[in-house]
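Visitor: Please pick one part of this model and take me through it closely, with the cut-offs stated as you go. Then say what lies around it.

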Amino acid sequence: MEANSDQHFLLGDPGWWNKPDQAPPDFRGGELPPPLPWVSTTPRIGNFGWCRQRLRPLVWPLLRPLAWAPLFLLLTAIPLLLPGRTPDDQITSMFFFSISWVLVLLPILFARNAQPSSDGSLLTLPVDWASLALASALFPLHLTIDPRIGWLSYALYWVAYFRTVQLVQAAMLTPPARFLLPIEKQDWTGSLGSPWKVSSASWSRKVLASVNLSKGRVILSGSSRSGNDFLSLSYVHKSGFIQDPFHASSPGGSELSELLADPLAIVGREWPDSLIISSEEE
């Protein structure tokens, strides 16, 4: 099964862009090659060097549930505005409310966890936790102070939803991708200078080294595919999502550009033919 999808390993599945019969180009809008003197290549060239691996766009796991969430948030208010039409108005309202936020929070969490080398706690997700916490703190007060506070809380939940959508859109602005370099296990010795913090001097399929930046961190980790070992370079946004480190829209800014201006002193191996796009596969 893995061998059958090797042809899409680097370029990405054509179905992600609704072109199942057309192999994606080596460069899509905004994608940049690593600067000189990095040695880089593309899936159609092969040979030696770092190569971009596109990951599944976030629009696929997030768009549909985020679009359905406001419907259930709207339904939350109906049993309270029109009481007596359900067996239990409070439970019905809470049921719709729970579904609305499950459709927001769980897809974001699952989408992040599905990315290789993703990172971060629950609170780093692109969610407007401040409005969500304020709304939750105000809600019980409608029982003891004034029922109108409940509607204020409900309005704040809408604010939290719309702000969360904006945060998710910002996280999706830079597409998910990482750069891979074929290596032999002995090629990795952990000999990186400042500001890199080396986690392991021996190669393994985990984080090997990292650099903390103001808006995220850069990670080097081990990866394998079809019996081949790779060194993976990823930029992990502060939200925990993987973002293309060499992209025109990267939020890493000059800080990331300065870190990646000089190549890593690691010599890679030749790209395996099974992962390179030949003319017959076009």
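Guide: Buried here means under 20% relative accessible area, exposed means over 50%, and partly exposed is in between (1.4 Å probe, protein chains only). Helices (H or I, at least four residues) and strands (E, at least two) are DSSP runs, numbered from the N terminus. The model is predicted, so local features need pLDDT of at least 70 and side-chain atom pairs count only at pLDDT 80 or more, while totals for chains, interfaces and linings use all residues. Residues are numbered from 1 along each chain as its sequence is written, and side-chain values use heavy atoms, with hydrogens and water left out.

The buried residues of H2 include Phe96, Phe97, Trp101, Val104 and Ile108.

The loop between H2 and H3 holds Asp119. Asp119 forms a salt bridge with Arg217, with 2.7 Å between the closest N and O atoms; a salt bridge is a side-chain nitrogen of Lys or Arg within 4 Å of a carboxyl oxygen of Asp or Glu. Arg217 sits in strand E5 (residues 216-225), 98 residues from Asp119, and the pair links distant parts of the chain. Arg217 is partly exposed, because its relative accessible area is 21%; Asp119, at 33%, is also partly exposed.

By this rule there are seven salt bridges. Another of them joins Arg54 to Glu31, with closest N and O atoms 2.8 Å apart. Here Arg54, at 5% relative accessibility, is buried, and Glu31, at 10%, is buried too.

Leu81 lies in H1 and, because its relative accessibility is 56%, counts as exposed.
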